[in-house]
Amino acid sequence: MGTKAVFLLLALLSFSAVSLRSALAENEEDPGLVMNFYKDTCPQAEDIIREQVKLLYKRHKNTAFSWLRNIFHDCAVQSCDASLLLDSTRKTLSEKEMDRSFGMRNFRYIENIKEAVERECPGVVSCADILVLSGRDGVVALGGPYIPLKTGRRDGRKSRAEILEQYLPDHNDSMSVVLERFAAIGIDAPGLVALLGSHSVGRTHCVKLVHRLYPEVDPALNPDHVPHMLHKCPDAIPDPKAVQYVRNDRGTPMVLDNNYYRNILDNKGLMMVDHQLATDKRTRPYVKKMAKSQDYFFKEFSRAITLLSENNPLTGTKGEIRKVCNLANKLHDKS
């Protein structure tokens, strides 16, 4: 082998070794999402979050609905990075203030959990992980399944308000649109049906359903359910600031169960998306299956929440670990 060939071979081997070391270092630096990510840096993190969720749920039962809804509203919009929690600034509008976020509340309790975690491990646990884990523990508080979820997310620095409507379907959208939005983040029809089972708990504000009552009652509604809806929503144009709502499930309003599916098969779904879920040929078979089997509902629900929680997270050195959940660090440091 000639001298030039030897030098070329050595150069190639050296380059390969550098590339390998670089790849290994990058992998060590960014393991992505893993189970028990904080086992060395903050071993008590998940226990603290769980205890805080239990404590806050004991004081304010409706917090669990909020935590569950947070996962969808944050993770479905491009990245699971706690952008939902950011307040508005002079330059950007908060996702929390958009129409798609109507009725969302209890964000201050996420700050309570963050404060408790910060006391134990300052600057270690992200708001994105707190958002996801509080949602998981909220599901358990509501009688739902425990879902093992990976951690290691980091926090985004900016709101995604301007693109919110590109990702979050509206309750009046066609089932085709809803299916497309979920498919874009890897969630199939049974996963979608299971996620909408979240409507088993909580309530629907009158502004979201009066179009089914006024000026005429939607003939698709179960006539036995209409008087209750009219009683709860007596105004054709309700005040959006008034606390006027209908419980999603009158039978077990505080329990995440498969009663929702029996209700919508009986034409007692409150919003159009509920009605369509039970009537569209692409989703109805799964609705019927979940109405019959809570185990099947919980299995698909757990799978869908896992997929949602792992949607395009920031990991490694991307993003930041916010000091408080409602402000990016650069804004917090100025205050």
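The model is predicted, not determined by experiment.

**Cavities**

Rolling a probe the size of a water molecule over the atoms shows where empty space is left. In this model, three cavities have a volume of 30 Å³ or more. The largest cavity holds about 870 Å³ of space. Its lining consists of 33 residues, and R69, F72, H73, H199 and M271 are the ones nearest the centre of the largest cavity. Divided by class, this lining has 15 nonpolar, 12 polar and six charged residues.

Which elements supply at least two residues each to the lining of the largest cavity? They are α3 (63–75), α7 (175–183), β1 (203–205) and α13 (294–309). Helix α3 gives the largest share of the lining of the largest cavity, with seven residues.

The second largest cavity has a volume of about 50 Å³. Its lining is made up of H199, T204, N248, Y260, N263, I264, K268, G269, L270 and D274. Helix α10 (residues 259–265) provides three residues, the largest share of the lining of the second largest cavity. By class, the lining of the second largest cavity comprises three nonpolar, five polar and two charged residues.

**Second largest pocket**

The second largest pocket contains about 160 Å³ of space. It is lined by 15 residues, and F37, G152, R154, G316 and I321 are those nearest the centre of this pocket. The lining of the second largest pocket is split into five nonpolar, five polar and five charged residues.

The volumes and lining classes are listed here.

| Space | Volume | Lining by class |
|---|---|---|
| Largest cavity | about 870 Å³ | 15 nonpolar, 12 polar, six charged |
| Second largest cavity | about 50 Å³ | three nonpolar, five polar, two charged |
| Second largest pocket | about 160 Å³ | five nonpolar, five polar, five charged |

**Packing of α2 and α3**

Two packed helices are described by the angle between their axes and the distance between the axes. For helix α2 (residues 45–59) and α3, the angle is about 130° and the axes are 8 Å apart. Angles from 65 to 115 degrees count as roughly perpendicular and those over 145 as roughly antiparallel, so α2 and α3 are oblique to each other. In this contact, α2 contributes V53, L56 and Y57, while α3 contributes T63, A64 and W67. The contact of α2 with α3 has five nonpolar residues, one polar residue and no charged residues.

**Backbone features**

Most residues other than glycine have a negative phi, and most peptide bonds are trans. The peptide bond from Y214 to P215 is cis, and its omega is near -5°. P215 sits in the loop between β1 and α9 (226–232).

N36 is not a glycine, yet its phi is positive, near 55°. This residue, N36, belongs to the loop between α1 (3–29) and α2. Is N36 buried, partly exposed or exposed? N36 counts as partly exposed because its relative accessibility is 38%.

Q78 is likewise not a glycine and has a positive phi of about 75°. The loop between α3 and α4 (107–120) contains Q78. With a relative accessible area of 30%, Q78 is partly exposed.

Technical notes
Residues are numbered from 1 along each chain as its sequence is written. This is a predicted model: local features need pLDDT of at least 70, side-chain atom pairs count only at pLDDT 80 or more; totals for chains, interfaces and linings use all residues. Side-chain values use heavy atoms; hydrogens and water are left out. On a 1 Å grid over the protein atoms alone, a cavity is a set of points where a 1.4 Å probe fits but cannot get out, and a pocket is an open set with protein on both sides within 12 Å along at least five of seven lines; lining residues have an atom within 4 Å of a point. Grid points are joined across faces, edges and corners, and a volume is the space filled by probe spheres set on the points. Ala, Val, Leu, Ile, Met, Phe, Trp, Tyr, Cys and Pro count as nonpolar, Asp, Glu, Lys and Arg as charged, and the others, Gly among them, as polar. Helices (H or I, at least four residues) and strands (E, at least two) are DSSP runs, numbered from the N terminus. Axes are lines fitted to C-alpha atoms, for helices over the stretch in contact, and angles run from 0 to 180 degrees between N-to-C directions. Angles under 35 degrees count as roughly parallel, over 145 as roughly antiparallel, 65 to 115 as roughly perpendicular and the rest as oblique. Contact means heavy atoms within 4.5 Å. Buried means under 20% relative accessible area, exposed over 50%, partly exposed in between (1.4 Å probe, protein chains only).
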